[in-house]
Amino acid sequence: LVVIGGILFWAAFQQYDYRQRHLFGVFYSLFLVGVGYCYVLWHNELNQPGHFSRDLPLSTQCIIGVVRDAPSKGGRFKIPICVERAGQDLDALQPVKGNLLLFVEGSPKVEQIRYGDRISIRAAICPTESPRNPNAFNYQRYLHFKNIHYQAFVQPDSLTVLSPGHGSAICR
């Protein structure tokens, strides 16, 4: 990528014959494809250092995170969170990164959760499930494009709202 960038810089100041006029466009296109590929790889949360799936076992954990989008209600509430800290115990929480989709049964306590709330949960984390029917909508792939690769099924009594208002002021 750096080599192609250097070639582009050099090629921008060269005089070309009419037959070779396409070379700059080819190098520029390769450079843009390379930058896009690196950008996509870097922003996949699984490639980030400190992702919770690397450092900690996915068994029952204590997790602290911020609600990153408005909870949606279906059969269960779906709450996407950005995980900030996780560990086996509240005393041994480690700073981590990553996104997690929570599925919570409805209750008055859960209905009060809003975007930007910092919450604490105790749940077992598992990878998102692929569709069982080959012709069904691929929800796992849909979540992958939203950078969510793990989910947790949470009981309402194991969820606690710690503090509100940690989201962006623009998105409220």
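Where is the place of Asp89? Select Asp89 and you land in the loop between β3 (77-87) and β4 (94-95). Before you go on, know that this is a predicted model, where local features need pLDDT of at least 70 and side-chain atom pairs count only at pLDDT 80 or more, while totals for chains, interfaces and linings use all residues. Residues are numbered from 1 along each chain as its sequence is written, and side-chain values use heavy atoms, with hydrogens and water left out.

Stay on Asp89: its relative accessibility is 43%, so it counts as partly exposed (buried is under 20% relative accessible area, exposed over 50%, partly exposed in between, with a 1.4 Å probe and protein chains only). Arg122 is 33 residues away from Asp89 along the chain, and their C-alpha atoms are separated by 9.2 Å.

Next, pick out two cysteines. Cys82 is partly exposed at 31%, and Cys126 is partly exposed at 25%.

Finally, colour by secondary structure. You'll find five helices and eight strands (DSSP runs numbered from the N terminus: helices are H or I with at least four residues, strands E with at least two). Follow the sequence and the pattern goes α-α-α-β-β-β-β-β-α-β-α-β-β. Of the 172 residues, 31% count as buried.
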